[in-house]
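Have a look at the sequence and the structure below, and then we'll go through some of the parts together.

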Amino acid sequence: CLVGFNLETAEAILDLSPFPDAPAAIDVVQSLRDKSLLTEQEAVYEVRFDMYESIRDFGTHCRTRLFDAQAESALWRRFATHLVEYAEEWNDCVRTIDGVAALNRLSQQRENLFAVQEWALASGFPDLASRAILALASTMAARGPAEQRVPRLRQCMGSAPPAWQVVLLIALSDACRADGQWDEAMQLADEAVNRAGLLGDVSEPGQELCGQDRMH
């Protein structure tokens, strides 16, 4: 399900520890590129790699022979954790001098973050699902697809941990307001404030978002 990746991602998720003589991740990627099993594209900020669709389909078909369920889950967990941390780091830069670069990098990872959200929800990691879509919410508002912002935020609401529900409610309120759904936006904002009060100790992102919403 990986849709394009850079060398940093490959180094973070490849686990070659069972093979004492395994080459470094960069050499694995280069070998696959030399064999035309990967494509290479010079993006604005980095070199990105991808697979031809036919090779991706073949790999998906053979996946169950190559990985048992535990190994595949561990691979997904490494990928999801790395990508979410990457996205959160750049999302923090969206409203800074590096905002354009942040939006570009997050836009490149949009489909991957969607895949992480869906895997995490299906696999019992609601915190990772929430973090993935929250890290992308501002980019979807600015670069699209804006119409997916509300439904994807809603997807996480039912299973998110309580503290993340507050942050999701505020992000969802902002998305509804952008869509012109003013009444629902206000209801969601009020619910977020009420839940934050009940929790008594909300994460720093939640406090900041609550404060921003009450000022609008």
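Start with helix H4, where a whole set of residues is buried: Glu72, Trp76, Phe79, Ala80, His82, Leu83, Val84, Tyr86, Ala87, Trp90 and Asn91. Keep in mind that this is a predicted model. H4 has 23 residues and spans 32 Å from its first C-alpha to its last, which is close to the 33 Å expected at 1.5 Å a residue.

**Rings that pair up**

Now for the aromatic side chains. How many aromatic pairs does a search of the whole structure find? It turns up three. In one of them, the rings of Trp76 and Trp119 have centres 5.5 Å apart and planes at 10 degrees; planes under 30 degrees apart count as stacked, so this pair is stacked. The pair also ties together distant parts of the chain, with Trp76 in helix H4 (residues 69-91) and Trp119 in helix H6 (residues 110-123), 43 residues apart.

Trp119 has another stacked pairing, with Phe125. Here are the two stacked pairs side by side:

| Pair | Distance between ring centres | Angle between planes |
|---|---|---|
| Trp76 and Trp119 | 5.5 Å | 10 degrees |
| Trp119 and Phe125 | 5.2 Å | 20 degrees |

Arg152 lies over the face of Phe114, at 3.7 Å from the ring centre.

**A buried threonine**

Next, find Thr139 in helix H7 (residues 126-143). Its relative accessibility is 1%, and buried means under 20%, so Thr139 counts as buried. What does Thr139 touch, if you leave out residues up to four places away in sequence? The answer is Leu103, Leu106, Ser107 and Gly144.

**The sheet**

Finally, let's turn to the strands. Three of them form an open sheet in the order E1-E3-E2, with antiparallel pairing. E1 (5-6) and E2 (39-42) stand at the edges with a single partner strand each, so one side of each has no neighbour in the sheet. E2 pairs with E3 (residues 47-50) over four bridges, in the antiparallel sense. If you'd like a spot to check by eye, look for Glu40, which stands opposite Phe49 in E3.

Note on methods: Residues are numbered from 1 along each chain as its sequence is written. This is a predicted model: local features need pLDDT of at least 70, side-chain atom pairs count only at pLDDT 80 or more; totals for chains, interfaces and linings use all residues. Side-chain values use heavy atoms; hydrogens and water are left out. Rings of Phe, Tyr and Trp (its six-membered ring) pair if their centres lie within 6.5 Å; planes under 30 degrees apart count as stacked, over 60 as edge-to-face and the rest as tilted. Helices (H or I, at least four residues) and strands (E, at least two) are DSSP runs, numbered from the N terminus. A charge sits over a ring if NZ of Lys or CZ of Arg is within 6 Å of the ring centre and within 35 degrees of the ring normal. The expected span of a helix is 1.5 Å times one less than its number of residues. Buried means under 20% relative accessible area, exposed over 50%, partly exposed in between (1.4 Å probe, protein chains only). Contact means heavy atoms within 4.5 Å. Two strands pair if DSSP finds at least two bridges between them.
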